[in-house]
Amino acid sequence: ERTHSAIGAKQPPPPPPPPRRFGVACGFVLLARGAAFAPSKRSPLRLPRPPPSPSSTKRPVRLRGASADDDDGRESPAAEEVRFVAESLLRNSLFEDLADASLASLAGLFERRTARRGDLLVRQGDSASGDYVYLLAEGRCEVVVDGSVVPGPYGAIGPGEVFGELGVLYSEPRASTVRVASAAAAYYRARGDGVKESLGMSDEALADLRAIDDAINRVSGTDALYGGDVILPYRPERLWLWRRFDGTVLKISLGPTLVNMALCAAFVVYARHCAGDPLFEVGAGAPDPSSEFVQKLDLVGKIWDLDRTLTSFVLTFFVSQSYGFWNKIYQLARDIQGEINDVNLLVVTNVKRDEDGALLPESDALIEDISHYSRLFHILMWAGKAKRFSALATPSGLKRLESRGIMDRRELDALRRSNLPNDRLFMAPLEWMAIRAVRAMDAGTLAGDNATKGQLLKAIVTLRAKQRAVADGLAGRMPLAYVNFVQVLVDAFAFTAPLALYSRLGDYSVIAVGTLTIFYTGLNNLAKIFLDPLNNEDFSSDSIFMDLGVFLRETNGQSVQWKEAGEELPF
């Protein structure tokens, strides 16, 4: 639960020294805010300032006051710390809409602490109630979930980044651990209650933000549907499979099966009444075939036998076609992953290097840009197609992506000005990839021969084609007439089974009806679940849908690993 990837965990705070806070009692004034901060009595500390935001909407933070500057005109260390906290908060879109007085009050709550390598600032599973929100000033931290470090780029926290806010906002246990990865670190922390009060978010706004953060958590790796697998895995052992209930056809179809068995039991009582048999004689076999009523039911049974053959054939074909569609979407998702990897591989292997094979600064920057744009493309592409990620493509979602480090302010502003619909926002980073690569070729940073240029642009264009194939497949998955025909056929077969089977099985027709219903209705439901591989329709709580977060997390990690694999050459 963090600004860069969802982090959260609480470490019981040690007995703090006298708080060293930025108060509102004296000295420093934020121009344009009319807010004062008290000077801090501590040893000088020169803090890195957050990079200036290119956004024209950013409000400037300037300090003035009697003690804000040293005699030589430079800002005092305390003033630098005040500026660092204020500017860091402003760069986080979660805080950018705060009124001047609220921002001043919030910045005044932060106090400075230091830590060493291996120290845990927050701990997974701990309560966030009464805990802190953190702002890293110096050093580097890493995000750990279930004992494993979250892979790059979302598993690292750098100076100027806020983390620990999710558990505080939602009053939930910390979702992950934050551990100091550098030799030393300096950070600021503020009580969560004060942060929540300063934000003043309504319950509705908090619920909307929660939906967005849940989606981001799946992207960053702190939340997974099936423990990191694309779909719910299985083991081939017979006993293991028999013990399963969740995610099976049995659970999906249990309701309709029980209803049909109850109707069959009621019909058995009615049939006995019509045939003059005892109404509640349990365990009776087939009824007397000489009964006129039973003879009529026997005719119904013969018609039902014909329907069974037709239903079995049509339903089997329907399931096969539906699974084929599910597998097609899965393969397209994997193909998109492959093309993104191809782009990153082509860039890493064709950038300019020095005589020793090391990456030049401009080459390193190009690789970072292309991998970043590829990650952003992948996220926004699925946000435009999957209901579970659609919140990320909304204005609030884009803003939150920026505040948690998935994109920067320049990219956010570009997307806002693009006038693209939510489901087409991915087009922008896809074009950024191509334009950035072509410009690098023109500048000599990336090989510009026809073969390299053709391969790279072909991979980018193929990305466009593959994502379009996903959308086209979802739009034309199966004609309504076909699905309607199968549904009517299966329902007619299942609900006429009590009439057809009573003349042959008597009381035992209830068991037979249950068995037939669970398999025929179950297969039909299974086919419809296959037709919704992204679970956009939420047809069943046990739908067998793909965890798209796995694709995104794998691509995120691979986009960094290609660079790491080529940084050191053995020749």
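Begin the tour by selecting strand 7 and strand 8 (residues 148-149), which run antiparallel and are joined by two bridges. Strands, like helices, are DSSP runs numbered from the N terminus (strands: E, at least two residues; helices: H or I, at least four), and two strands pair if DSSP finds at least two bridges between them. The model is predicted, so local features need pLDDT of at least 70 and side-chain atom pairs count only at pLDDT 80 or more, while totals for chains, interfaces and linings use all residues. Residues are numbered from 1 along each chain as its sequence is written, and side-chain values use heavy atoms, with hydrogens and water left out.

Next, select Val144, whose bridge partner in strand 8 is Val149; in strand 11, Val144 stands opposite Thr177. Strand 11 (residues 177-180) runs antiparallel to strand 7, with four bridges joining them. Then select Glu142, whose bridge partner in strand 9 is Ala156.

Now display strand 7 (residues 141-145) as a whole: five of its five residues are buried, so the strand is largely enclosed by the rest of the structure. Buried means under 20% relative accessible area, exposed over 50%, and partly exposed in between (1.4 Å probe, protein chains only). Cys141, Val143 and Val145 point one way, and Glu142 and Val144 the other way.

**Aromatic pairs**

Turn next to the aromatic rings. A search of the whole structure finds 17 aromatic pairs. Rings of Phe, Tyr and Trp (its six-membered ring) pair if their centres lie within 6.5 Å; planes under 30 degrees apart count as stacked, over 60 as edge-to-face and the rest as tilted.

Select Tyr270 and Phe293: their ring centres are 6.1 Å apart and their planes lie at 80°, so the pair is edge-to-face. Tyr270 belongs to helix 7 (residues 249-275) and Phe293 to helix 8 (residues 292-350), so the pair ties together parts that are 23 residues apart in sequence. Tyr270 is partly exposed, with a relative accessible area of 46%.

Proceed to Phe377 and Phe426, whose ring centres are 6.0 Å apart with planes at 75°, so this pair is also edge-to-face. Phe377 is buried, with a relative accessible area of 0%, and Phe426 is buried at 3%.

Finally, select Tyr323, Trp326, Tyr330, Phe530 and Phe551, which form one aromatic cluster.
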